[in-house]
Amino acid sequence: MNILKDFLLQLTFMVMPIFIYFTFITERVKSDQKRNIIMSFLWGISIVLCMSFPVTFGQNARLELRIIPLLFGSLYGGFWSSICLSTLIILYRLSDGISVGFYNTVLVLLGSLPVFLLFQKKFAMSKKDKRVKIAVGLSFYYCLIGLTILGILRGFTIEYLKVPIIHLIFVVVVTWFFTRLTETIREIHQLRVEMQNSEKLRVISELTSVFAHEIRNPMQVTRGFLQLLNEPDLPDQKKEYIQLSIEELDRANEIINDFLSFGKPTLNNNERVNAGYQLHRVINILQSYSMNHNVEIKSDILDYCWIYANPQKLKQTLINILKNAIESMPNGGIVWISCSTTDEDYVKITIKDEGIGMTKKQIERLGSPFYSLKESGTGLGMMVSYQIVRSFKGKIQVNSQKGQGTEFIILLPQIT
Ligand code: ADP
Ligand code: MG
């Protein structure tokens, strides 16, 4: 009975960090790095508890699950987390005195840590099922190394290996269970975030359809009268005021356009469109805008790039991306635009700037609603663009380096 109690206690040490993390930490702590540190800390506690209250049976036989917090810490937390957790294990073992067990611990860690870290990147990029497989595989590998080293140190007799074999089976099953548990909770959590986002979007689209037109009409009237006021014999300062007012009205109009195109139901009025021709038009539209920003646009556009798309929406996407490229260079610079076809039957449009660039995190957030780093940005342009390109069955790739520049690659299925 006592063994069962001990086993259950070990399982509790695994459950605790997972539930504390997902209940109290994920929602409240926004920074990934901080979350990582807290998670590693929780796994650290779990390791200490596991090692302090092992399952004991027979004379010297001890079973414990410290491998699981170590494995999870390494796979979810990365390099530093795994180094800290292994150091913790070694120090704890050292406090028991140097014995065969201690050497065993160190050797097993040396043999398994590099492999954990090797698989960490793959793990981070994989989907749920593959993650479970990787975690189970790694825990099996860890136990196998433990078994081999113990065999070498003490001899391969069934008497000595009985316990490690039970350990191996137990660890593999528990790893499988807890990886699934963690992944399922993560999935539920992500779903919740996505639902909150889509709820936000639903509200925007409802509001826009009601208000946008009501606001636009008086704005158009005001703009018209401002233009009428702008007579040649006005003093320069007043002319400037009028110009500023018109520009601000245009900006407001642009924001409404962004909102509107988002709120509109997506009609499938796609047609055969020449992407190259549309690019030329977009460059013309933004010519004066780029000149105002001291930006030169250089283009290399193939003429026959036919795709199946809605020309208005395609134009809007290109305008959004090109405008961002221009805005990313406060001191001016060059934007390179090219349009060509690829061997995989895609039309490839690239828009490349030498502006402020983005970090990896910023690239990841690109396209989520209201994400903007600009003082007067709406954070809707990229979201709309991603949505449009997706609706054309295309994809957007972003290469960017902070301080160096950004390259947007739009791939759209080519038609003949
Ligand atoms: P807005 O332009 O209104 O800020 P967008 O959705 O168009 O909203 O863009 C979101 C954010 O993405 C911008 O605020 C900017 O920080 C970043 N971004 C987009 N394109 C680029 C680019 N070419 N270079 C650097 N940052 C960019
Ligand atoms: Mg923008």
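Which residues does Leu71 touch, not counting residues up to four places away in sequence? They are Phe116, Ala135, Leu138, Ser139 and Thr175, where contact means heavy atoms within 4.5 Å.

Before going further, a word on the model. It is predicted, so local features need pLDDT of at least 70 and side-chain atom pairs count only at pLDDT 80 or more, while totals for chains, interfaces and linings use all residues. Residues are numbered from 1 along each chain as its sequence is written, and side-chain values use heavy atoms, with hydrogens and water left out.

Leu71 also belongs to the largest nonpolar core, which has 44 residues. Such a core is a set of buried (under 20% relative accessible area, with a 1.4 Å probe and protein chains only) Ala, Val, Leu, Ile, Met, Phe, Trp, Tyr and Cys residues joined through side-chain atoms within 4.5 Å. Leu70, Leu71 and Phe116 have the most contacts inside this core. Among the elements that give it two or more residues are helix H3 (67-77), H5 and H6, and H6 gives the most, with nine. Apart from this core lies another, of 42 residues, including Ile283 and Ile410.

Now look at two of those helices together. Helix H5 (residues 100-125) and helix H6 (residues 128-154) pack at an angle of about 160 degrees, their axes 9 Å apart. That makes H5 roughly antiparallel to H6, a term for angles over 145 degrees. On the H5 side, the residues that meet H6 include Leu107, Val115 and Phe116; on the H6 side, Ile134, Leu138 and Tyr142 are among those in contact with H5.

Notes. Chains lettered and ligands numbered in written order. Axes fitted to C-alpha atoms, helices over the stretch in contact; angles between N-to-C directions. Helix = DSSP H or I, 4+ residues; strand = E, 2+ residues; numbered from the N terminus. Parallel < 35°, antiparallel > 145°, perpendicular 65-115°, else oblique. Buried < 20%, exposed > 50% of the residue type's maximum accessible area, 1.4 Å probe, protein only.
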